Each structure stands twice: as C-alpha cells, then as structure tokens.
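This report covers side-chain contacts and strand pairing in one model. Each term is given with its cut-offs where it is used.

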Amino acid sequence: MLILIVSIVLITAYFMPREYAVAKEITINRPADSVFNYIRYFNNQNEFSVWSKIDPKMKLTYRGTDGTVGAISAWESDVKDVGVGEQEVTKIIEGK
C-alpha cells in the first residue's frame, strides 16, 4: 500500500510544471506620474520594503544618484530571511 501511495505522488510530481510564478496586484488611487516619481527613489521604497518590515535594524547603503540608472541600494542583515543583497536600477522608462 505504501509503495502505491509513493508511486502516485512521484508520478503526479513528474507531470507538474517545473516553474511557477506568484503575482500580487494593488491599486493606488493616485495619478501614475505621482506614484512613479515617488517609487523611483530607493529611499522612498523602504517604506514598503518586505526586508525593512522583517528587520527594521538592517544596514542600508546607497551608491550612485538615487532615482537614476546606475543607482544601487544594498542591505545587510543578520536575520536569515533578509540576508545580504542589492538592487540596481538598470533602466528607467518615464512614467512606467
């Protein structure tokens, strides 16, 4: 019986998709240009950062000119779920 259950699970897993995506959407009742001009700056994004909520004491550093291509935001945390990382602005499409 155990072999049958394990076989069913393995066969089912074989046919399941290898990749998946999760998306979340939120509506902001403000003009698009107002929202764009706010979130293009890393300093403003920390208000909504998942990492900031998990570890409000994480170390943040910024390089480059905030809100422009090449700007980098980096973080360091001793909290495992936050860890160490950085993000860089590689392209800006005005208003998008």
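## Basis and the charge over a ring

A charge is said to sit over a ring if NZ of Lys or CZ of Arg is within 6 Å of the ring centre and within 35 degrees of the ring normal. In this predicted model, the charged end of Arg 40 sits over the ring of Tyr 41, 6.0 Å from its centre.

The model is predicted, so local features need pLDDT of at least 70 and side-chain atom pairs count only at pLDDT 80 or more, while totals for chains, interfaces and linings use all residues. Residues are numbered from 1 along each chain as its sequence is written, and side-chain values use heavy atoms, with hydrogens and water left out.

## Salt bridges

The structure holds two salt bridges, where a salt bridge is a side-chain nitrogen of Lys or Arg within 4 Å of a carboxyl oxygen of Asp or Glu. One of them joins Arg 40 to Glu 94, with the closest N and O atoms 3.5 Å apart. Arg 40 lies in the loop between helix 2 (32-39) and helix 3 (42-45), and Glu 94 in the segment after strand 3 (84-88), so the pair ties together parts that are 54 residues apart in sequence. Helices (H or I, at least four residues) and strands (E, at least two) are DSSP runs, numbered from the N terminus.

Accessibility is classed by relative accessible area: buried means under 20%, exposed over 50%, and partly exposed in between (1.4 Å probe, protein chains only). Arg 40 counts as buried because its relative accessibility is 19%, whereas Glu 94 is exposed at 55%.

The other salt bridge is formed by Arg 63 and Glu 86, whose closest N and O atoms are 3.1 Å apart. Since Arg 63 lies in strand 1 (residues 59-63) and Glu 86 in strand 3, this pair ties together parts that are 23 residues apart in sequence. Arg 63 is partly exposed, with a relative accessible area of 41%, and Glu 86 is partly exposed, with 46%.

## Aromatic pairs

Rings of Phe, Tyr and Trp (its six-membered ring) pair if their centres lie within 6.5 Å; planes under 30 degrees apart count as stacked, over 60 as edge-to-face and the rest as tilted. A search of the whole structure finds two such pairs. Tyr 14 and Phe 15 are edge-to-face, at 5.1 Å centre to centre and 85° between the planes. Tyr 14 and Phe 15 are both exposed.

Trp 51 and Trp 75 are stacked, at 4.7 Å centre to centre and 25° between the planes. This pair links distant parts of the chain, with Trp 51 in helix 4 (residues 50-54) and Trp 75 in strand 2 (residues 72-76), 24 residues apart. Trp 51 is partly exposed at 33% relative accessibility, while Trp 75 is buried at 10%.

Three strands form an open sheet in the order 1-2-3, with antiparallel pairing; two strands pair if DSSP finds at least two bridges between them. Strand 1 and strand 3 are the edge strands, each pairing on one side only. Five bridges join strand 1 to strand 2. Leu 60 has Trp 75 as its bridge partner in strand 2.

Ser 77 is found in the loop between strand 2 and strand 3 and is buried, with a relative accessible area of 11%. A polar atom of the Ser 77 side chain lies 2.9 Å from the backbone nitrogen of Val 79.

Definitions and conventions
A polar contact is a pair of N or O atoms within 3.5 Å; within protein, one must be able to donate a hydrogen and the other to accept it, and residues adjacent in sequence count only if both atoms are side-chain atoms.
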